[in-house]
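Dear colleague,

Please find below the structure that I am handing over to you. A summary of the findings comes after it.

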Number of protein chains: 2
Amino acid sequence: MNCSSLGIGLAGLGTVGSGVVLALERNSNLICDRTGGQVKLEVAKVLVRDVAKVRPVNLPIEKLTTSWQELVADPSVDIVVELIGGTTDAFDIVAAALKARKPVVTGNKALLAERGVELFALSKEHDTPIHFEAAVAGGIPIIKTVQESFIGNRIHSITGIINGTSNYILERMTTAGLEFPASLGEAQALGYAEADPALDVNGWDAAHKAILLATLAYGFPIDPAKVHVAGIEQVRPIDIDFATRLGYVVKLLAVVREHPDCSVELRVQPSFIPKSHILASVHGVFNAVAVHGDAAGESLFYGRGAGQDPTASSVVADLVEAARSLRQATGHRGFLPYRESGVLLPVEDTETAYYVRFDVTDRPGVIAEVARVLADAGIGISGTHSPVKPDQPDAEFLDMVFLLHTCRFGLLQDTLDKIEALDCINSKPVVFRIEKL
Amino acid sequence: MNCSSLGIGLAGLGTVGSGVVLALERNSNLICDRTGGQVKLEVAKVLVRDVAKVRPVNLPIEKLTTSWQELVADPSVDIVVELIGGTTDAFDIVAAALKARKPVVTGNKALLAERGVELFALSKEHDTPIHFEAAVAGGIPIIKTVQESFIGNRIHSITGIINGTSNYILERMTTAGLEFPASLGEAQALGYAEADPALDVNGWDAAHKAILLATLAYGFPIDPAKVHVAGIEQVRPIDIDFATRLGYVVKLLAVVREHPDCSVELRVQPSFIPKSHILASVHGVFNAVAVHGDAAGESLFYGRGAGQDPTASSVVADLVEAARSLRQATGHRGFLPYRESGVLLPVEDTETAYYVRFDVTDRPGVIAEVARVLADAGIGISGTHSPVKPDQPDAEFLDMVFLLHTCRFGLLQDTLDKIEALDCINSKPVVFRIEKL
C-alpha cells in the first residue's frame, strides 16, 4: 500500500530510543498495512548529546542534532518523541512541541507526575495530544485501558506491581535469602538495576506511575509531596522469612483506591500479600496491574514492565495513535483484509505433544504392540501409564495412557488409525494435545 | 460540563442491552467529564420484540420500536448498537447502519467471524467504523490491545481461555469429579450456561472469537469452515484424572500462532496445559488471553469474559470511541483535570492489617506489656510469633512479631511510638501492611 510518511523527531537515543528506531525498521511496513495505508512513520531527526558517538543503530549523520530547538522546529518533524528523561530539558521540549502543535509521545513518568498539570494545560490550549503509554508498565497497555477501555467504569481500585527492579530484588531476597545490598548488586550486574538505582528502590518510580494512573482514574491533579511512598531499602530477610512462614509474599505494591466518600487512597510501599493471590505470582522483572471497575469487575494486565523492546512497543503504538489524529483518520479502522489471503495451516500440519488414552483388553504384549506401531511411525513415547490400584497390582487394566513427543497431528491420526485396528484396542483412542505455552 | 448528546439506537434489550442502559444511567456524567465535555450518550431508540413486555430497565414507551428499519432510520439515532445476536437480522441492521453512515457497536462474534468480510467492506466503503470490543472476552479490552496497543508488534501467538462456560464446566469436572452432563446441568442451574449451550460447549463460541483475534493479528480473512474446532462434550473425568496426576490441567484453549513460513495455526480444543502455567490459574467463568509480540514480549490479559456488566463495559467504551470519531475529537484527550481538586486520603487515615516486628530484650512480661499498649489503643492482635529454635526452647528471643487487625495507620503510628518508649524495646518497630486484595 502507498503510505505517505510522517516524520518523527526523536529526543534521546538511549535504550528505548534505539528500540523505537529498530522497531520501526522492522515493522513499519506492517504498520502501514494494518492502518490501511494511512500511517507510515519515519525517523526524521534525532536529538543526541554527541553526534560522533558510535551507536547500535544506523542513522545518517545529517539526521542527528544536539539542539532540541532544532529538533522541534524542523519542518520534517511532525511528531516529537521525548525520551531523554528528567523534568527540566524534557519539560522544555514537550512544551515547545505542543506550542508548535506537534503531538508528543513520552515515556517520562517523572515529568508527567511532577509537571503534568502544566503540560496538559498546554496540550488543551493548543489542542495537541500528549501520549504516554510508555510511562507506565513498559509494554502493558495500562494507560489506554484505564483511559479508554474503562471510560464507562467508576474505578474502585488499581493495585499494581509496577517496578520490575524492586520486584526482582525482593524476589532474590526471598529465594536466595540475600540482604538488600547484595540483591541490588546482583540486579545491577544483570542489568536489571541502573547504576543509580535510587528512584527504583526508593519507591518513587512506582509512585510516579501510580500518580498517573490515579489522575486518569479520578481526574484531579495529585501533589506528589502528599503521596505516601516507601521503598525497599529497609526490607530485611528476617521479615521476608516471617512473611513466608505466615503465608505471605513481600511485594512493592502501588495501591490506588477510591473510598465511599470519594477520597482517594494512594500509597506505595513494600507490603505483605497472600501467597495465593495472582499478584504473588508476578516474578522477576515482570509487572502486573489489577484494575477493579464497577462494570468490568476484576481485571488483571500482566507483562514486561521495562526494557528496550517492550517500552518501544508502547512508544510505537502511541506514534500510530498520534499519526492517526494528524491524518484525521477517525472513520474506518483497517480491520481486514490488508492481505487478500493468507495460509491457514491445515490442522494435520500442526504439531504438539499428545496424551492418548486407549481402551484395551489387557493381556501380555498389549503395550509392546502399541509401542511398536508408534515406533514404526517414528513417534516418540515420553511415558506410559495404566491405572493400577495399589492393593490390586495384578488386576486387569482397561485404560492405557501414552504420553507422546511432539509430532505432526496428521501423522498421529494415521498412526492411531493403525493402532485402533489392533485386536486389543476396543474403541477410538482419546487424544488431548499437551500445549507448549 | 456542558455536553451535547449523541443518540444511541439499541437493537436488543436482553442481558447485555439492559446492562448498557444501566451503565449509561449510572456513569454518563462521569463519561462526559472524562471526555472533557465532548461525549454525552443517550439512549434514543430501542429495538425490542414485544413493546408491552415488563423489563428490568425503565424506558419510555415512545423510545421502543419493533422495527429495525425504524431504529436505524430514526434521525435521533447517531450510533447503532447491535445486540440481538444471530447472523441474519443482525447482518441487515449492521449493513443498513453503515450505509446510513452511522457507526456500529456490536458484541456479535458469530456475525463478524462468519460475515465480517462483507461488513468490513461496507465499513470501508462508507468510511464508518464497526466497533466490537464486546465480541471477545467480555470486559477484557483484548480487541483494542491487539488492534492498537500491539500495532507495532509482529504477533507470534495468541493463546486464550475465552469461553467461561466451558472453563466452569471443566473446572467442576476436575474438582468435583462430575461427568460432563452433570457439570453442564449445574452450570445451567447457576446461570453460567444458557438453555441451549451448544455454541459454548462445542467450541464454536471460542472459535468465533479466535477467528476475530487472528484476523486482527494477521490481516487476512479466515474461513470458519477451515478452522479445527473441538468442544468439551467428549471430555471424561478419567482423562481429567490422568491430567491431574501427570501435572496438567484440562482447559478449552484457543491457539493462534504464526509459523516461520507465515502460515497461521488456528485451533480450538480441550488441551492439557502445565499446572504451573499462569493460564492454569484461570478459574470459573473468568477469561484470559496471552499475547506474545516481537516487541512487547509475553503479556496476559485477565478478567470477566461475559455477563451483563463486563460486556456492557466494553460496549460503552466502544460507544465513547464512536462518539469521539463523530465529534472529530482527535486532538486533546481529557487527561486532567476534569475536577479542579479532589481529596487525597491522608496516609494516617488509610487502614489495613499489619505485621509489626519488635527488637526486644527478652524477659518475662514483654509480650504482656506490648499487648497491653495495643489493647489500650483498641488494636486487635491476630497472632504473635517469636522465632524459637526447636532445640533451644528456652533461648532468649530478640525478635517478636505481632499480626494486627485492620486499624487506622495514624492510630498504629501513635501506638507504636508508645511501645517504642518501653524499656524492653530496643529500636524502631518494623511495620509492613498486610493487603486485602
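This is a predicted model: local features need pLDDT of at least 70, side-chain atom pairs count only at pLDDT 80 or more; totals for chains, interfaces and linings use all residues.

Residues are numbered from 1 along each chain as its sequence is written, chains are lettered from A and ligands numbered from 1 in the order in which they are written, and side-chain values use heavy atoms, with hydrogens and water left out.

Chain B can be superposed on chain A with an RMSD of 0.1 Å through a turn of 180° and a shift of 0.0 Å along the axis (least squares on the C-alpha atoms of residues with pLDDT of at least 70 in both copies). The two copies are therefore related as by a two-fold rotation axis. In chain B, F301(B) has the C-alpha nearest that axis, at 2.4 Å. Of the interface residues of chain B, 100% are also interface residues in chain A, so the copies meet through the same surface.

Chain B contains an open sheet of six strands in the order 3-2-1-4-5-6, with parallel pairing. Strands here are DSSP runs of E of at least two residues, and helices are runs of H or I of at least four, both numbered from the N terminus; two strands pair if DSSP finds at least two bridges between them. Strand 3 (64-65) and strand 6 (130-131) of chain B are the edge strands, each pairing on one side only. Strand 1 (residues 5-11) and strand 4 (residues 79-82) of chain B pair over four bridges, and A11(B) stands opposite E82(B) in strand 4 of chain B.

The count over all chains is 41 salt bridges (a side-chain nitrogen of Lys or Arg within 4 Å of a carboxyl oxygen of Asp or Glu). In one of them, the closest N and O atoms of E70(A) and K45(A) are 3.7 Å apart. E70(A) lies in helix 2 (residues 68-73) of chain A and K45(A) in strand 2 (residues 40-47) of chain A, so this pair ties together parts that are 25 residues apart in sequence.

K209(B) forms a salt bridge with D205(B), with 2.7 Å between the closest N and O atoms.

Yours sincerely

Definitions and conventions. Contact means heavy atoms within 4.5 Å.
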